[in-house]
Amino acid sequence: MTTAPLAHFARHDLWPIGPVEGLFAAGSDLPMALGAICFRKLKRRLMARAEERFDALAAALGPGDIALDLGANVGDMTAKLAATGAEVHAFEPEPATFALLAERFAGQANVHLHQAAVSDRDGTTTLILPASFAERPRSASKAASIAHGRYAVAGHIAHEVETRDIRAILAGLTKPPRLIKMDIEGAELAVLAAMRAAGCFHDGLAVFVETHERLDPATYADVRALTLWARTAAPGYVNLNWG
C-alpha cells in the first residue's frame with residue numbers, strides 16, 4: 001500500500017462517476033430534505049466501491065502491519081483483517097457483545113481486544129442500546145451509541161463504559177496503522193476531528209468510516225464538509241461511505 005495508489009483510489013472511489021451519480025451529486029447541494037435525499041442516494045452507490053476497496057486493501061496487509069477495528073461488534077471485520085497476519089486491535093464497549101468477541105478470538109495472538117468505546121477523550125460515558133436488545137441482541141447491539149440518544153426511550157438499556165481517546169490509542173501503537181475501520185454509531189465526528197487536529201492521518205493510511213447523519217440529521221452539514229475534505233485534502237485515503 002503506497003502513497004500513489006491510495007491517492008489514485010481516492011479519486012476513483014470518492015467522486016461521482018457517470019450521469020446518474022453526477023445528478024445525485026448536484027442534487028446534494030439543494031436545500032433541506034431534497035438535498036439530504038440526493039446525498040444519501042449518491043452515498044448508497046458509493047458504498048459498493050467502499051466495500052470493494054476495503055477488501056482489496058485489507059488483503060494487501062500482512063505480518064508486521066497494524067489495523068484497527070473501531071466498533072468491532074462480534075468481529076466479522078476483525079476476522080477478515082486478522083486472517084492477513086496483521087496485528088489487529090479491536091474495540092467494542094458493549095459487555096455481552098465483547099464477551100462473544102473474546103470467545104471468538106481467544107488464543108489468537110495477532111488480535112488484541114479492548115472493551116472500550118473509542119472517543120476523543122479518556123474516561124467513562126453511558127452507552128445506550130435500544131429496547132429490542134433484550135430480544136434481538138445480535139442486531140440491536142450494532143446500534144449501541146455513546147453519541148446520540150435516539151434509543152433512550154422506554155425500555156432502553158444503558159451501560160457505563162470506558163472511553164479511550166483515539167489519539168492515545170494511536171500513540172500507544174508500535175508503529176502507525178495502515179488501515180482503520182470505524183463504525184462507532186455517531187461518535188465518528190468527534191474522533192475524526194481529534195485525529196485531524198492531532199495530525200493522525202498520513203499518506204500510507206486507509207480509513208473507512210460509517211457516518212450516521214441519517215440517524216442524527218443535525219450532523220448532516222458536518223458530514224458534507226468532511227466528505228469534501230476526504231475528497232480533496234485528506235492525507236492518504238479516507239472513505240466516509242462505509243456501511
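**Pocket lining and contacts**

The lining of the largest pocket is made up of 18 nonpolar, seven polar and 11 charged residues. The model is predicted. A search of the whole structure finds 10 salt bridges, and a nonpolar patch on the surface is formed by Leu30, Leu34 and Ile37.

**Largest pocket**

- The space in the largest pocket comes to about 630 Å³.
- Its lining consists of 36 residues. Nearest the centre of the pocket lie Gly71, Lys142, Asp183, Glu185 and Glu210.
- Two or more residues of the lining are given by each of helix H3 (32-59), helix H4 (76-82) and strand E4 (117-119).
- H3 provides the largest share of the lining, at three residues.

**Nonpolar surface patch**

- Together, Leu30, Leu34 and Ile37 have about 260 Å² of accessible area in the patch.
- Ile37 belongs to helix H3, the helix with the largest share of the pocket lining.

**Salt bridge Asp13–Arg53**

- Asp13 and Arg53 are joined through their side chains in a salt bridge, with an N to O distance of 2.7 Å.
- Because Asp13 is in helix H1 (residues 3-14) and Arg53 in helix H3, the pair ties together parts that are 40 residues apart in sequence.
- Asp13 and Arg53 are both buried.

**Salt bridge Arg104–Asp76**

- A salt bridge connects the side chains of Arg104 and Asp76 at 2.8 Å, N to O.
- Arg104 sits in helix H5 (residues 95-104) and Asp76 in helix H4, so the pair links distant parts of the chain, 28 residues apart.
- Arg104 has a relative accessible area of 40% and is therefore partly exposed.
- Asp76 is likewise partly exposed, with a relative accessible area of 40%.

- The side chains of Arg167 and Asp165 form a salt bridge at 2.9 Å, N to O.
- Arg167 counts as partly exposed, because its relative accessibility is 33%.
- Asp165 has a relative accessible area of 11% and is therefore buried; the limit for that class is under 20%.

**Pro63**

- Pro63 lies in the loop between H3 and strand E1 (66-70).
- The relative accessibility of Pro63 is 70%, so Pro63 counts as exposed; that class takes values over 50%.
- From C-alpha to C-alpha, Pro63 and Pro5 are 21 Å apart in space, and they are separated by 58 residues in sequence.

**Ala206**

- Ala206 is part of strand E8 (residues 206-209).
- With a relative accessible area of 0%, Ala206 is buried.
- Ala206 and Leu129 are 77 residues apart in sequence, and their C-alpha atoms are 29 Å apart in space.

Key. Residues numbered from 1 in each chain as written. Predicted model: local features only at pLDDT ≥ 70, side-chain atom pairs only at ≥ 80, totals over all residues. Heavy atoms only, no water. 1 Å grid on protein atoms, 1.4 Å probe; cavity = no way out; pocket = protein on both sides within 12 Å on 5 of 7 lines; lining within 4 Å. Points joined across faces, edges and corners; volume = space filled by probe spheres on them. Helix = DSSP H or I, 4+ residues; strand = E, 2+ residues; numbered from the N terminus. Nonpolar A, V, L, I, M, F, W, Y, C, P; charged D, E, K, R; others polar. Patch = residues over 30% accessible without salt bridge, like charges linked within 9 Å, V, L, I, M, F, W, Y side chains within 5 Å. Areas by Shrake-Rupley, 256 points an atom, 1.4 Å probe, with all protein chains shown as cover. Salt bridge = Lys/Arg side-chain N within 4 Å of Asp/Glu carboxyl O. Buried < 20%, exposed > 50% of the residue type's maximum accessible area, 1.4 Å probe, protein only.
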